[in-house]
Amino acid sequence: MGKRRTWVFLFVFVYGLLLCSSWKFLHKILFWYKSNTSSSQSSGWPALYASVLLGAVFGLLSMAAALAVAVPAMVMTWITVLVLLTFCGKPRRALVLEGRKITADITGFVMKILLKEGNIVAAVCAVVGYLALVRRGAEDG
């Protein structure tokens, strides 16, 4: 199997496992919510807990998906900058030091963006999940 096929297989396998486990986790959250709301007349606390957990799961999934897009872009940016520095006539030792700095800068920048966007997705999913669970509870009760 070629390198490209190997990486595609690993990508699909890892994300398949991630989606399968998160799907099972989502079902467990919803089962927990149903068991807590059907057993007693409760306030909105079970819906709040369940929506926060749902938001966290969707936030992590969005970060994983964004990372799959960000890593190739990050590698291409890194290679481009190093090639440009090489054409500018930097010696090898200086190029290695600059490469380490560039790698740290690009990685830090990408992680900040991933965390910010993942938190935004998690917050939106938590709010929407809470509203959906409360509305569903009002229709059932």
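The expected span of a helix is 1.5 Å times one less than its number of residues. Keep that rule at hand for the first stop of this tour through a predicted model.

**Stop 1: helix H2.** Select residues 45-87, which form helix H2. With 43 residues at 1.5 Å each, H2 should span 63 Å, and its end C-alpha atoms lie 61 Å apart, so the two values agree. Now click on Ala70: here H2 has a kink of about 30 degrees, shortly before the proline Pro72. Move on to Gly89, which follows H2 and has a positive phi, near 95 degrees.

**Stop 2: the largest nonpolar core.** Next, select Leu26, Ile29, Tyr33, Ala47, Ala50, Leu54, Val57, Leu61 and Leu133; these nine residues make up the largest nonpolar core. Helix H1 (3-39) and helix H2 each supply at least two of its residues. Which helix gives the most to this core? That is H2, with five residues.

Stay here and center the view on Tyr33. Leaving aside residues up to four places away in sequence, Tyr33 touches Pro46, Ala47, Ala50, Leu133 and Val134.

Stop 3: How many disulfides does the structure hold? The number is zero.

Terms used: Residues are numbered from 1 along each chain as its sequence is written. This is a predicted model: local features need pLDDT of at least 70, side-chain atom pairs count only at pLDDT 80 or more; totals for chains, interfaces and linings use all residues. Side-chain values use heavy atoms; hydrogens and water are left out. A nonpolar core is a set of buried Ala, Val, Leu, Ile, Met, Phe, Trp, Tyr and Cys residues joined through side-chain atoms within 4.5 Å. Buried means under 20% relative accessible area, exposed over 50%, partly exposed in between (1.4 Å probe, protein chains only). Helices (H or I, at least four residues) and strands (E, at least two) are DSSP runs, numbered from the N terminus. Contact means heavy atoms within 4.5 Å. The bend at a residue is the angle between axes fitted to the seven residues ending there and the seven starting there. A disulfide is a pair of cysteine sulfur atoms within 2.5 Å.
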